[in-house]
Amino acid sequence: MLPKAKLWLALTIAALTSMLSTSLQAAWDLNMPQGVTQISRETYDLHMQILWWCVAIGVVVFGVMLWSIINHRKSKGAVPATFHESTKVEIVWTVIPFIILILMAIPATRVLTEAYDASESELDIQITGYQWRWEYRYLRDDMNEEEVSFFSNMSTSREEINNQLPKQETYLLDVDNPLVIPINKKVRFLLTSNDVIHAWWVPDFAVKKDAIPGFINEMWTIVEEPGVYRGQCAELCGIDHGFMPIVVHALPQDEYDAWYAGQQEQAAAARAAANNTITMDDALAQGEEIYNRTCVACHQAGGTGLAPAFPALAGSSVVTGDLTDNIDLILNGVPGTAMAAYNRMLSPVELASIVTYIRNSFGNSTGDLVQPADVNALLQEAQ
Amino acid sequence: MKQAKQNNTKRLVTRLLFTVVGMFGFGFAMVPLYDVICDITGLNGKTGDQVVSVQPKENAQQSDRQITVQFLAQNAAGMDWEFSANDAQVKVQPGEVKVVSYHAANPNSYAMVGQAIPSVAPNEAAQYLKKLECFCFQEQPLEAGETVDMGIRFFIDESIPEHITKLTLSYSLFDITKSSSSATAVTQR
Amino acid sequence: MSAAHDDHHHGPAKGISRWLFTTNHKDIGSLYLWFSFAMFLLGGTFAMVIRAELFQPGLQLVDPNFFNQMTTMHGLIMVFGAVMPAFVGLANWMIPMMIGAPDMALPRMNNWSFWILPFAFAMLSSTLLMESGAPNFGWTFYAPLSTTYAPSSVTFFIFAVHIMGASSIMGAINIIATVLNMRAPGMTLMKMPLFVWTWLITAYLLIAVMPVLAGVVTMMLFDIHFGTSFFNAAGGGDPVLFQHVFWFFGHPEVYIMILPAFGVVSAIIPTFARKRLFGYDSMVYATASIAFLSFIVWAHHMFTVGMPIAGELFFMYATMLIAVPTGVKVFNWVATMFRGSMTFETPMLFAIAFVVLFTMGGFTGLMLAITPADFQYHDTYFVVAHFHYVLVPGAVFSIMAAAYYWLPKWTGYMYDERLGKLHFWLSFIGVNVLFFPQHFLGLAGMPRRIPDYALQFADFNWISSIGGFLFGASQLILLFVVIKCIKGGKKATDQVWEGAQGLEWTVASPAPYHTFATPPDPKLIHDQ
Ligand SMILES: [Cu+2]
């Protein structure tokens, strides 16, 4: 080998290895995951079956073509044949593919029929898509039970996305509140949307369906192995479409039951806490935490905002102005903008904290300490 | 010869233009067509937005078949009313008329108009859910601070297929204050 | 002969007015081709922005909103600005010459159908400079993201689509009228070159579905500005209805972009195999069946919207069926090559690459038709890989093959074969490095239309981006080759290619400004 060629080779290898090492996982995933449900395995088998059919057909067709390209070239003195039609041959290569298609359609129909049977479910969960988060609501048999429902937001920080912090292993695939389901139980999902069309997808379950505003769709899964499963919104839903991951924790039944009971207690406690008073320090600490989780993506660290879509909070006339108007805006959002209504996404305590925090940070110094009861009063203005 | 060719072309172009206009119309015709197909097949889980004229059979065979009907409520973007079902679910026999209700409250200091849009899962069950009365048939104007309970009277058609044992009736509540005809009525009241 | 006919014997007018007011099919063909190449570079630039942003995880170059504008504009410009006008340009240049007609049937309308296009795309591109930004809802513009939640530039987008639609419809009417009424004596339908056949069928598809596209954007316009509720659930509409109407247009649209490609390849392969096209009749019937089937498969784009199982099964079976006539075509091409006497000039290289890579896109299309498997593939990079295989080494390669094939006829000079081959091999390698890894990305779970991705997708993404830059840069070679060929080179003979058959090869090279003012000798018209 020439010295120059060697140098190039070495450089190329060095460049390639350095690029490979940028990824934290050895991730040369080539194929669909087999997943952890019967349907996902059957889907995988179906996928492989069709793939092998295609490979086989490809080998035959491209084989003949390659043979011709090698042997029937003018430079080798090939003389063109004169045949140019044959009804018999045309019929053969119409009928054979047709038969192959029937062989493909049979298992496909069977798997589809299974995947469509959502009856006899043991747990029903309503999933609602929002720009850009998911809400999970566990359906109850009785309205007197404490309801478990929560929002699930991406928890990857903007610093990681903007390359200011190293990216964690679950970059873009982590949420604050994952969906929790029991294993070996038929879980039925009822899917809808608050705004635009989203699609809920977890590859390991082979479950993907659109969440459509005004309409309800259903799908189901029986997860067979405990674990953490990740997916993403699959339908373009606006600016942060790439940032609404799905995380599902599948737990053994007893752990699930314990988790569910804990959630119910928390919900009850949150309702009770709505009447407690909080201190300025607590409010600021909790407010900061909520701000960094929920608000920072748009309003930015330091409350500088991002013109023109996302207004600054530092020195904002709303944040330094009338307190009731400020709370009202956070409760109800601003229709037609990215500002969502947080009346149901945050508890009264959290709402009180976040309002307190923004009114006393980024150079704002109103000195207001908002109590959960104040928020509650506004929430229930009607009653 | 030339003349004949030109006439041919003229006739052909006219025909093609009619096709173009026809296909433009067809695009629009897909809207009612789609609704008809949905009504027949329950394609999108939409339930009728009008009172059904059929009534349950008087002496419907009493079977021990029980069908669970779940009730869901959610708000669309920009709608901040309280909105929830008063019952999580009910069990009904096919043919049996049931009455259930939803709760709505307008927490704002101004009047608003809401419109509830029903949807059923599984969507093939939509055609068997017959509503005799529903708050989704009308717009719902609520004064500032007003609270209402809104009823649905329905039955499940006896011809519902055996394999459907549970169906979910979901309402999405939209704020239609701006586009509503009752909006002016509300503010005047 | 009428007075209007006399000026047919004049040469072209001079200066800009030649191009503005021309009714000559060759001039208009050239205008279409140059316009489409310009759009190809513009849409390609957007693709480069997308690939650059996706080169590494994290946001580096653009914000997510601009990224969405790039994906949307890339799709719209490539589909409506690059691929479709390129085929119309080829049709304008070649169809009259292939059927022995003096010009298109409606030359003045021909002028109009071209000249409204630059306005449409200027309007569409200007949205990038607007405060609201360009459309950011994907080229499939699903409601309500494209209605209730759209940037205000959506109105310009709607009017641009209307104008593009009008242009396509006028072009299609012209082609149908030309093919049906202007054929030379002796040029029966079953003696027409396959390019003419595929274009005739394509033109009918255009007439059937472009008005539906116009209808769906009109409904959007009404929803946005006049308070109707076609797609708004609050008023009793249905967002899924949008998808049904859109894909009723959208699926035939896919075939609008590939059927003329079949015609091009069916012209090139026999020429360079020096052997008649195998199974001409079956090629015609297969094209017609594909066109027919394209109207009953649209909902395979919508398997995840929650259709009843009967609907899913119907659309799955109908879609699988398309594999049969498509297979017939591929088999016929291979049979044409079989026992031919092949040489591998640039057009042939592109045509062979077309057959192989388009077939690969066909295979993944078949996989996507399998509904339960589609639940996993849908809206992932697997789909992106699939339709780019069909459209780039499919439609675009066929356009390049056509350009190299007919360039000597257009300019009178042979293009630089060495540069042509260089362009081919760089494009071939680039396109595969660009799109093949995207299959893996999709299967591993990467959704499409995202500006940033999880770390396990990093490796295949940088590979794909490198392929993208290589493919993008290679296209400048094409520009250079074309300009060089216009300026001069080896004189082309009239037949140009040893194995070339057909009326277009009986006229001089470069083709005179007016050809077949008197019909050709019927003896020149061969069986296909
Ligand atoms: Cu989403």
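Predicted model: local features only at pLDDT ≥ 70, side-chain atom pairs only at ≥ 80, totals over all residues.
The copper ion has four donor residues, A:H198, A:C233, A:C237 and A:M244. The angles among the four donor atoms run from 96 to 130 degrees, and the site is tetrahedral. Four donors count as tetrahedral if all angles lie between 85 and 135 degrees. Along the sequence, the donor residues follow the spacing H-x34-C-x3-C-x6-M. Both A:C233 and A:M244 lie in the loop between β9 (227-232) and β10 (245-251) of chain A, so this pair ties together parts that are eleven residues apart in sequence.

A:C233 has a relative accessibility of 1%, so A:C233 is buried. A:M244, at 2%, counts as buried too.

The next topic is the contact between chain A and chain C. Chain A contributes 90 residues to the contact and chain C contributes 98. The size of an interface is often given as the accessible area lost when the parts come together. Between chain A and chain C the buried area is about 8300 Å², and carbon and sulfur atoms give 71% of that area. On the chain A side, the residues that lose the most area to chain C are A:H84, A:W93 and A:L236, which together make up 8% of what that side buries.

Chain B shows how strands are arranged. Strands of a sheet pair through backbone hydrogen bonds, either parallel or antiparallel. In chain B, five strands form an open sheet in the order β3-β1-β9-β5-β7, and the pairing is mixed. At the edges are β3 (89-92) and β7 (140-142) of chain B, each of which pairs on one side only. From one strand to the next, the twist averages 25 degrees. Within this sheet, β1 (residues 67-75) of chain B runs antiparallel to β3(B), and four bridges join the two. One bridge links B:T68 with B:K91 in β3(B).

Other strands of chain B pair as well. Strand β2 (residues 82-85) of chain B pairs with β4 (residues 98-105) of chain B in the antiparallel sense over four bridges. Here B:A85 has B:Y102 in β4(B) as its bridge partner. β4(B) also pairs with strand β8 (residues 147-156) of chain B, again in the antiparallel sense, over eight bridges.

Methods:
Residues numbered from 1 in each chain as written. Chains lettered and ligands numbered in written order. Heavy atoms only, no water. Donors = N, O, S within 2.8 Å, 3.2 Å for Na, K, Ca; no water. Tetrahedral: all angles 85-135°; square planar, octahedral: opposite > 155°, others 65-115°. Buried < 20%, exposed > 50% of the residue type's maximum accessible area, 1.4 Å probe, protein only. Pairing = 2+ DSSP bridges. Axes fitted to C-alpha atoms, helices over the stretch in contact; angles between N-to-C directions. Contact = heavy atoms within 4.5 Å. Buried area = accessible area lost by both parts, 1.4 Å probe.
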